[in-house]
Amino acid sequence: MIVPNIHLMEVRAPDVAEQVQPGQFVIVRGAEGGERIPLSIADWNREAGTLTIVFMEVGLSTGTLARLKAGDSIPTLVGPLGKPTAIANLGPVLCIGGCYGIGSVLPVARAFREAGSEVTVVLEARSRYLIFWEERMRALAKRLIVFTRDGSAGHRGHVTGLPDILKQEGVAPAQVVVNGCTFLLARSSAALAPLGVPITVSLNPIMIDGTGMCGVCRVTVEGQMKFACVDGPDFDGRQVDWPELLNRRKQYIGEETYLCHRASCGRA
Ligand SMILES: Cc1cc2nc3c(=O)[nH]c(=O)nc-3n(C[C@H](O)[C@H](O)[C@H](O)COP(=O)(O)OP(=O)(O)OC[C@H]3O[C@@H](n4cnc5c(N)ncnc54)[C@H](O)[C@@H]3O)c2cc1C
Ligand code: FES
C-alpha cells in the first residue's frame, strides 16, 4: 500500500512488458473464478519483464488483489490492451493525474518529455497524504502543480481552478491529458474546454473482454458509439457523453455491493 487504499503491484509478465506503450492497460483476474477487471499499466521494466500497476481498492476484485502477498501468482493477465496515447513534440503539454491516475499518467508524461514536449504535471488529491510519486513527477516535469481539496498541499480545491493558475504562470498548453476517476476526467474536460485544445481523457467504463467483443465498454463520443477497449481508452473529453458514462458505470452497483458484503462476511 503506497498511500491509504492505493496499492502498487509489480507483476512478472515479460511478453506484455516487452510491448507495452504509455496509455495501455491489462485485464486481470486476481483469483480463479473471479471477474476480469481492467487496470492501467503505470510503469514497466522491459529487461526484468515486469509491469507496475497502481490500483485503488474499491470493491471485491481490487480487494482480492490487495490481499495478495509478494511472490503470489494471479491466474489471468491479458495485455497490453487499448491504443497507446498519441505522443509527439507538441510544445507545452499538461498531464493531470488524480488518485490511481497519478500512476498511469506518469509514463505518458515521461513519453511527452522524451519526445521534446515541455511537460507540466498536475496532481489532484483529497489531501496531502494521498499524493504519491511526487518526486518522480518533479524529476521529469518542467512544472508541478498540486491541488488538494483540504489545502494541505499546493492549491486548495479542484483542478477547476487550473485556468487561472495557468494564466498567472504564463502556460498555454497545446494538449491536455487526464488520467483518474470519471469525475476528475469530466470535471477537467469542462474546466479546460475554454483553452480550445484537445483534452485526452483515459476513459474507464466497465469492461469484460477488453478486445472489442462484448460491447460492455461502449461510450458515446461525438455522437458516435465507440468501444473504449479497442477504440480508446483515450478520447477527447470535450466530445464524451459524460452523463451516459457515469450512469453506465454504476449500473451494477447493487450486485457489486452485495457480493462484496457477502465475501467480507465469509459466505462467498
Ligand atoms: C481502461 C481502464 C483502466 C483502469 N485502470 C485502473 C487503474 O490503473 N487503477 C485502478 O485502481 N482502477 C482502474 N480502473 C478501474 C477498475 O477497473 C475498477 O475500479 C475495478 O474494476 C473495480 O472492481 P472491484 O470489484 O474492486 O469493485 P466493484 O465493487 O466491482 O466496482 C467499484 C467501481 O468500479 C467500477 N467497475 C466494476 N467492474 C468494472 C470493470 N470490469 N471495469 C471497469 N470498471 C469497473 C464500477 O463501476 C464501480 O463504480 C480502470 C478501468 C478501465 C476501464
Ligand atoms: S470490454 Fe468488451 S467490447 Fe470493450
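This is a predicted model: local features need pLDDT of at least 70, side-chain atom pairs count only at pLDDT 80 or more; totals for chains, interfaces and linings use all residues.
Local features required pLDDT of at least 70 and side-chain atom pairs pLDDT 80 or more, whereas totals for chains, interfaces and linings use all residues. Residues are numbered from 1 along each chain as its sequence is written, chains are lettered from A and ligands numbered from 1 in the order in which they are written, and side-chain values use heavy atoms, with hydrogens and water left out.

Three strands form an open sheet. Their order is β3-β2-β6, and the pairing is antiparallel. Strands here are DSSP runs of E with at least two residues, and helices are runs of H or I with at least four; both are numbered from the N terminus. Two strands count as paired if DSSP finds at least two bridges between them. Strands β3 (37-40) and β6 stand at the edges, each with a single partner strand, so one side of each has no neighbour in the sheet. On average, neighbouring strands of this sheet are turned by 25 degrees against each other, direction ignored. This angle is taken between axes, which are lines fitted to C-alpha atoms (for helices, over the stretch in contact); angles run from 0 to 180 degrees between N-to-C directions. Strand β2 (residues 25-29) pairs with β6 over four bridges, in the antiparallel sense. Arg29 stands opposite Thr76 in β6.

Strand β6 (residues 76-81) also holds Pro80. A cis peptide bond joins Gly79 and Pro80, with omega about -5 degrees. A cis bond also joins Gly232 and Pro233, where omega is about 15 degrees. Pro233 is found in the loop between α7 (228-231) and β15 (234-236).

Positive phi values occur at Cys99 and Trp133, neither of them a glycine. For Cys99, phi is about 40 degrees. Cys99 lies in the loop between β7 (92-98) and α3 (101-114). For Trp133, phi is near 60 degrees. The loop between β8 (118-125) and α4 (134-140) contains Trp133. Trp133 has a relative accessible area of 14% and is therefore buried (buried means under 20%, exposed over 50%, partly exposed in between; 1.4 Å probe, protein chains only).

Ser188 lies in helix α6 (residues 182-192). Ser188 counts as buried because its relative accessibility is 0%. Contacts, defined as heavy atoms within 4.5 Å, link Ser188 to Ile96, Val159, Val178 and Ile199, not counting residues up to four places away in sequence. The side chain of Ser188 also reaches the backbone oxygen of Leu184 at 2.6 Å.

Definitions and conventions:
A polar contact is a pair of N or O atoms within 3.5 Å; within protein, one must be able to donate a hydrogen and the other to accept it, and residues adjacent in sequence count only if both atoms are side-chain atoms.
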